[in-house]
2 protein chains.
Amino acid sequence: MLQFWYEFASTYSYVAAMRVEQECARAGVTVEYRPFLLGPIFNELLGIKDSPFNVQPVRGRYMWRDLERLCAKHGLPWRRPSVFPRHSVLAARVALGAGPAIGPVTRAIFAANFGDDLDISDPDVLRKLVESAGGNGEGAVALAQTAGIKARLRANTAEAQRIGVFGAPDFVVGGELFFGQDRLEDAIAWAQRT
Amino acid sequence: MLQFWYEFASTYSYVAAMRVEQECARAGVTVEYRPFLLGPIFNELLGIKDSPFNVQPVRGRYMWRDLERLCAKHGLPWRRPSVFPRHSVLAARVALGAGPAIGPVTRAIFAANFGDDLDISDPDVLRKLVESAGGNGEGAVALAQTAGIKARLRANTAEAQRIGVFGAPDFVVGGELFFGQDRLEDAIAWAQRT
């Protein structure tokens with residue numbers, strides 16, 4: 001089993017999200033989806049309330065070019081979002097509210113943000129995305145407003161902090177943390193070994 | 001042709017340095033060795049005079065564990081250095097002073113720092129490492145003190161800043177920057193395509 005930790009505003013999480021299910025299926029490894037929020041973590045570790053890619057323009061320039069290349073490499077749609085980072089709290093809650101559809105819903109939300117430049121903080125957009133992914137749109141958006149789902153997202157973020165997450169995406173296998181989309185293969189190999 | 005940009009104090013540069021020549025040779029790509037200094041870059045971009053892995057302990061804890069795993073994966077010797085980051089100015093100058101032996105000398109210096117916990121800021125250590133790598137130890141250490149070599153290292157660091165380097169290692173192919181040891185394969189594929 002491989003835990004996939006991701007943040008809907010994160011560009012590199014997009015690349016990982018579009019690949020993780022397929023690569024794990026090929027390797028016979030199951031995926032557990034763990035959306036969380038990077039905002040509180042960046043705030044605590046770096047004292048910033050924005051993406052490090054905005055705060056450090058040199059890193060930002062590299063990242064935008066790198067995303068073009070990575071999406072071309074993996075055959076993923078790519079459009080630089082007109083708002084970055086997008087508010088991702090509701091999207092993360094909706095994903096948690098989608099139940100067994102969390103995998104397809106996660107991919108639909110990421111593709112909307114980074115392939116179609118849609119506002120994934122808009123409940124109407126999210127409702128349609130859940131439907132398009134085969135889930136219950138009304139139900140997931142309604143669940144997203146409940147105390148139970150809000151608590152689950154807070155718990156995910158707290159657990160991410162506890163296990164040493166400092167960015168996204170991450171893969172966790174048997175207590176081993178792998179940071180970055182380019183470590184998916186290492187994480188899968190670890191899962192196969194253990 | 002692939003430019004390999006590296007810093008002798010950088011743990012991830014070690015992993016890349018031990019692999020770059022062999023992986024490029026296998027792909028029919030030549031390597032240009034470009035040692036540079038991260039210190040001035042971190043100072044300018046982040047306002048710090050230490051490694052970000054020391055300044056941010058959460059990242060540091062991850063990095064030390066990750067290095068163990070990466071060295072095991074690639075069959076590289078690994079001993080966590082008792083001093084981190086080590087002063088790397090003289091080592092970088094000695095590598096530049098080693099002329100055509102820069103590849104083997106680079107690997108010998110990295111292996112000393114991260115495999116044997118040796119002080120790579122010590123001229124005697126460096127002299128022996130150059131000899132062990134088939135170079136002229138006395139000559140390289142003497143050249144390292146000259147204005148010409150000092151200027152070459154400053155020029156490398158200035159060029160790194162100009163092309164948008166913000167960490168190490170990096171690979172540059174036809175103007176494309178790839179950051180991180182885990183992107184060696186992407187950089188080689190780029191070199192083969194162009």
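Biologist: Which residue does the side chain of Arg69(A) meet in a salt bridge?
Modeller: This is a predicted model, where local features need pLDDT of at least 70, side-chain atom pairs count only at pLDDT 80 or more, and totals for chains, interfaces and linings use all residues. Side-chain values use heavy atoms, without hydrogens and water; residues are numbered from 1 along each chain as its sequence is written, while chains are lettered from A and ligands numbered from 1 in the order in which they are written. A salt bridge needs a side-chain nitrogen of Lys or Arg within 4 Å of a carboxyl oxygen of Asp or Glu. At 2.7 Å, N to O, the partner of Arg69(A) is Glu176(B).

Biologist: How many salt bridges are there between chain B and chain A?
Modeller: Side chains of opposite charge can pair when their charged atoms come close. Between chain B and chain A, the count is eight.

Biologist: How much area do chain B and chain A bury between them?
Modeller: The contact (heavy atoms within 4.5 Å) takes 23 residues from chain B and 23 from chain A. Buried area is the accessible area, with a 1.4 Å probe, that two parts lose on being put together, summed over both. Carbon and sulfur atoms carry 52% of it. The total is about 2100 Å².

Biologist: Why do the copies meet through the same surface?
Modeller: Look at which residues sit in the interface of each copy. The copies meet through the same surface because the interface residues of chain B are also interface residues in chain A, at a share of 100%.

Biologist: Which residue of chain B comes closest to the rotation axis?
Modeller: Copies are superposed by least squares on the C-alpha atoms of residues with pLDDT of at least 70 in both. A rotation of 180° with 0.0 Å of shift along its axis puts chain B on chain A, RMSD 0.0 Å. That is the relation of a two-fold axis. The residue whose C-alpha comes closest to the axis, at 3.3 Å, is Asp182(B).

Biologist: Is the crossing of helix 1 and helix 10 of chain A left-handed or right-handed?
Modeller: Helices are DSSP runs (H or I, at least four residues), and strands too (E, at least two), numbered from the N terminus. The axes of helix 1 (residues 11-27) and helix 10 (residues 184-193) of chain A come within 11 Å and cross at roughly 35°; axes are lines fitted to C-alpha atoms, for helices over the stretch in contact, with angles from 0 to 180 degrees between N-to-C directions. A crossing is left-handed if the near helix is turned anticlockwise from the far one by less than a right angle, and right-handed if clockwise. This crossing is right-handed.

Biologist: How far apart in sequence are the parts tied together by Glu138(A) and Arg127(A)?
Modeller: Their side chains form a salt bridge at 3.6 Å, N to O. Glu138(A) lies in helix 8 (residues 137-144) of chain A and Arg127(A) in helix 7 (residues 123-132) of chain A, so the pair ties together parts whose separation is 11 residues.

Biologist: Which residue does a cis peptide bond join to Ala168(A)?
Modeller: Omega is about 0° at this bond.
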